[in-house]
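Subject: Handover of a structure and its description

Dear colleague,

Please find below the structure that I am handing over to you.

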Amino acid sequence: MTDSASSPADHRIAHIELDEETIIWRNADIEQERKIAIFDLIEENCFKPLRAVERGANGPYRLKLAVRDGRLLMSIADEEEQLLEELLLGLARFRRPIREYFAICDSYYQAIRKATPMEIETIDMARRGVHNRAAELLIERLEGKVETDFATARRLFTLICVLHIKG
(Lines give C-alpha, C1' and ligand atoms only; values in the text may rest on other atoms or scores of the structure.)
Protein backbone atom coordinates (compact mmCIF):
# COMPACT_ATOMS: atom_id res chain seq x y z
CA MET A 1 0.00 0.00 0.00
CA THR A 2 1.13 3.52 -0.62
CA ASP A 3 0.88 6.60 1.51
CA SER A 4 -2.18 8.52 0.34
CA ALA A 5 -0.46 11.85 1.07
CA SER A 6 2.41 11.09 -1.32
CA SER A 7 0.50 9.77 -4.34
CA PRO A 8 -2.90 10.49 -5.82
CA ALA A 9 -5.53 7.75 -5.79
CA ASP A 10 -5.83 5.74 -8.98
CA HIS A 11 -8.97 3.67 -8.44
CA ARG A 12 -8.94 1.45 -11.48
CA ILE A 13 -8.10 -2.07 -12.55
CA ALA A 14 -4.67 -2.22 -14.18
CA HIS A 15 -4.58 -6.00 -14.61
CA ILE A 16 -7.31 -8.62 -14.72
CA GLU A 17 -7.06 -12.37 -14.68
CA LEU A 18 -9.65 -15.10 -14.97
CA ASP A 19 -9.13 -18.33 -13.08
CA GLU A 20 -8.36 -20.70 -15.93
CA GLU A 21 -9.36 -23.70 -13.77
CA THR A 22 -12.88 -22.27 -13.58
CA ILE A 23 -13.20 -21.94 -17.36
CA ILE A 24 -14.07 -25.36 -18.71
CA TRP A 25 -14.58 -24.53 -22.38
CA ARG A 26 -14.96 -21.60 -24.73
CA ASN A 27 -15.35 -21.21 -28.46
CA ALA A 28 -13.79 -18.58 -30.75
CA ASP A 29 -16.73 -16.17 -30.35
CA ILE A 30 -16.55 -16.30 -26.55
CA GLU A 31 -12.75 -16.00 -26.60
CA GLN A 32 -13.12 -12.85 -28.71
CA GLU A 33 -15.69 -11.44 -26.25
CA ARG A 34 -13.28 -12.18 -23.38
CA LYS A 35 -10.37 -10.44 -25.12
CA ILE A 36 -12.44 -7.37 -25.97
CA ALA A 37 -13.89 -7.13 -22.45
CA ILE A 38 -10.44 -7.34 -20.87
CA PHE A 39 -8.90 -4.86 -23.31
CA ASP A 40 -11.74 -2.36 -22.88
CA LEU A 41 -11.75 -2.84 -19.12
CA ILE A 42 -8.03 -2.13 -18.79
CA GLU A 43 -8.27 0.87 -21.12
CA GLU A 44 -11.02 2.56 -19.13
CA ASN A 45 -12.58 1.58 -15.84
CA CYS A 46 -13.56 2.80 -12.42
CA PHE A 47 -12.97 0.37 -9.57
CA LYS A 48 -12.70 1.43 -5.93
CA PRO A 49 -12.64 -1.39 -3.35
CA LEU A 50 -14.00 0.46 -0.34
CA ARG A 51 -12.52 -1.58 2.52
CA ALA A 52 -9.06 -1.58 0.94
CA VAL A 53 -9.29 2.17 0.37
CA GLU A 54 -10.27 2.66 4.02
CA ARG A 55 -7.03 0.86 4.92
CA GLY A 56 -5.01 3.19 2.66
CA ALA A 57 -4.97 1.50 -0.77
CA ASN A 58 -4.80 3.93 -3.67
CA GLY A 59 -4.73 1.66 -6.70
CA PRO A 60 -4.33 0.76 -9.40
CA TYR A 61 -5.48 -2.78 -8.67
CA ARG A 62 -4.96 -6.30 -9.93
CA LEU A 63 -8.20 -8.29 -10.05
CA LYS A 64 -8.60 -12.05 -10.33
CA LEU A 65 -12.05 -13.53 -10.91
CA ALA A 66 -12.95 -17.11 -10.07
CA VAL A 67 -15.99 -19.15 -9.13
CA ARG A 68 -15.73 -21.04 -5.84
CA ASP A 69 -18.56 -23.08 -4.38
CA GLY A 70 -21.11 -21.34 -6.57
CA ARG A 71 -19.93 -17.87 -5.60
CA LEU A 72 -17.89 -15.27 -7.44
CA LEU A 73 -14.49 -14.74 -5.83
CA MET A 74 -12.92 -11.38 -6.54
CA SER A 75 -9.31 -11.25 -5.35
CA ILE A 76 -8.09 -7.66 -5.29
CA ALA A 77 -4.37 -6.97 -5.03
CA ASP A 78 -2.09 -3.97 -5.41
CA GLU A 79 0.45 -3.55 -8.21
CA GLU A 80 3.02 -5.52 -6.21
CA GLU A 81 0.51 -8.41 -6.08
CA GLN A 82 -0.06 -7.97 -2.32
CA LEU A 83 -3.59 -9.20 -1.61
CA LEU A 84 -5.73 -6.32 -0.37
CA GLU A 85 -9.02 -8.14 0.02
CA GLU A 86 -11.21 -10.91 -1.31
CA LEU A 87 -14.89 -10.51 -2.00
CA LEU A 88 -17.34 -13.36 -2.34
CA LEU A 89 -20.61 -12.65 -4.12
CA GLY A 90 -23.44 -15.12 -4.29
CA LEU A 91 -24.27 -15.91 -7.89
CA ALA A 92 -27.84 -17.14 -7.42
CA ARG A 93 -29.30 -13.81 -8.60
CA PHE A 94 -27.03 -13.94 -11.68
CA ARG A 95 -28.07 -17.39 -12.88
CA ARG A 96 -30.99 -16.17 -14.94
CA PRO A 97 -29.17 -13.17 -16.49
CA ILE A 98 -26.21 -15.43 -17.34
CA ARG A 99 -28.52 -18.02 -18.92
CA GLU A 100 -30.37 -15.30 -20.87
CA TYR A 101 -27.11 -13.72 -21.97
CA PHE A 102 -25.78 -17.05 -23.29
CA ALA A 103 -29.02 -17.71 -25.16
CA ILE A 104 -29.14 -14.28 -26.78
CA CYS A 105 -25.42 -14.44 -27.63
CA ASP A 106 -25.93 -17.80 -29.35
CA SER A 107 -28.76 -16.27 -31.39
CA TYR A 108 -26.58 -13.26 -32.19
CA TYR A 109 -23.60 -15.36 -33.33
CA GLN A 110 -25.87 -17.45 -35.55
CA ALA A 111 -27.56 -14.34 -36.92
CA ILE A 112 -24.35 -12.57 -37.92
CA ARG A 113 -23.59 -15.52 -40.16
CA LYS A 114 -26.90 -15.65 -42.04
CA ALA A 115 -29.50 -13.05 -40.96
CA THR A 116 -30.40 -9.69 -42.43
CA PRO A 117 -28.88 -6.53 -40.93
CA MET A 118 -32.28 -5.66 -39.44
CA GLU A 119 -32.58 -9.06 -37.72
CA ILE A 120 -29.03 -8.75 -36.38
CA GLU A 121 -29.78 -5.28 -35.02
CA THR A 122 -32.93 -6.53 -33.25
CA ILE A 123 -31.04 -9.40 -31.61
CA ASP A 124 -28.16 -7.10 -30.69
CA MET A 125 -30.56 -4.66 -29.01
CA ALA A 126 -31.99 -7.52 -26.95
CA ARG A 127 -28.47 -8.67 -26.08
CA ARG A 128 -27.53 -5.17 -24.90
CA GLY A 129 -30.71 -5.04 -22.81
CA VAL A 130 -29.87 -8.28 -20.99
CA HIS A 131 -26.28 -7.14 -20.56
CA ASN A 132 -27.37 -3.75 -19.18
CA ARG A 133 -29.75 -5.27 -16.63
CA ALA A 134 -27.03 -7.65 -15.48
CA ALA A 135 -24.57 -4.75 -15.10
CA GLU A 136 -27.11 -2.90 -12.96
CA LEU A 137 -27.52 -6.02 -10.82
CA LEU A 138 -23.74 -6.29 -10.41
CA ILE A 139 -23.50 -2.65 -9.32
CA GLU A 140 -26.26 -3.34 -6.79
CA ARG A 141 -24.48 -6.47 -5.48
CA LEU A 142 -21.19 -4.57 -5.14
CA GLU A 143 -22.80 -1.71 -3.22
CA GLY A 144 -20.89 -0.98 -0.03
CA LYS A 145 -17.99 -3.15 -1.25
CA VAL A 146 -16.77 -1.68 -4.54
CA GLU A 147 -17.65 1.57 -6.26
CA THR A 148 -17.71 1.13 -10.00
CA ASP A 149 -19.31 2.68 -13.05
CA PHE A 150 -21.79 1.16 -15.47
CA ALA A 151 -19.29 0.47 -18.29
CA THR A 152 -16.95 -1.34 -15.89
CA ALA A 153 -19.83 -3.41 -14.51
CA ARG A 154 -20.87 -4.40 -18.05
CA ARG A 155 -17.38 -5.63 -18.87
CA LEU A 156 -17.09 -7.45 -15.55
CA PHE A 157 -20.41 -9.19 -16.24
CA THR A 158 -19.04 -10.39 -19.60
CA LEU A 159 -16.08 -11.91 -17.78
CA ILE A 160 -18.34 -13.47 -15.14
CA CYS A 161 -20.22 -15.14 -17.99
CA VAL A 162 -16.96 -16.50 -19.44
CA LEU A 163 -16.34 -18.17 -16.09
CA HIS A 164 -19.66 -20.01 -16.43
CA ILE A 165 -19.17 -21.59 -19.83
CA LYS A 166 -19.60 -25.33 -19.85
CA GLY A 167 -18.60 -27.48 -22.83
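Where is Gly 59 found? Gly 59 lies in the loop between helix H2 (50-54) and strand E3. Please keep in mind that this is a predicted model.

Four strands form an open sheet in the order E1-E3-E4-E5, and their pairing is mixed. E1 and E5 are the edge strands, each of which pairs on one side only. On average, neighbouring strands of this sheet are turned by 20 degrees against each other, direction ignored.

Strand E4 pairs with two partners in the sheet. With E3 it pairs in the antiparallel sense over seven bridges, and E4 and E5 are also joined in the antiparallel sense, over seven bridges. Why is E4 described as largely enclosed by the rest of the structure? The reason is that six of its seven residues are buried.

Two hairpins link these strands. The hairpin of E3 and E4 has two residues between the strands, and Asp 69 takes a positive phi near 50 degrees there. In the hairpin of E4 and E5, five residues lie between the strands, and Glu 81 takes a positive phi near 70 degrees.

The nonpolar core

The largest nonpolar core holds 45 residues. Ile 16, Phe 47, Leu 63, Leu 65, Met 74 and Leu 156 have the most contacts inside it. Among the elements that give two or more residues to this core are the strands E1 (13-18), E3 (61-68), E4 (71-77) and E5 (83-90), together with the helices H1 (28-43), H3 (95-114), H4 (117-142) and H5 (150-162).

Which residues is Leu 63 in contact with, leaving aside its neighbours within four places in sequence? They are Ile 13, His 15, Ile 16, Glu 17, Phe 47, Met 74, Ser 75, Ile 76 and Leu 156.

Yours sincerely

Methods:
Residues numbered from 1 in each chain as written. Predicted model: local features only at pLDDT ≥ 70, side-chain atom pairs only at ≥ 80, totals over all residues. Heavy atoms only, no water. Core = buried A, V, L, I, M, F, W, Y, C linked by side-chain atoms within 4.5 Å. Buried < 20%, exposed > 50% of the residue type's maximum accessible area, 1.4 Å probe, protein only. Contact = heavy atoms within 4.5 Å. Pairing = 2+ DSSP bridges. Axes fitted to C-alpha atoms, helices over the stretch in contact; angles between N-to-C directions.
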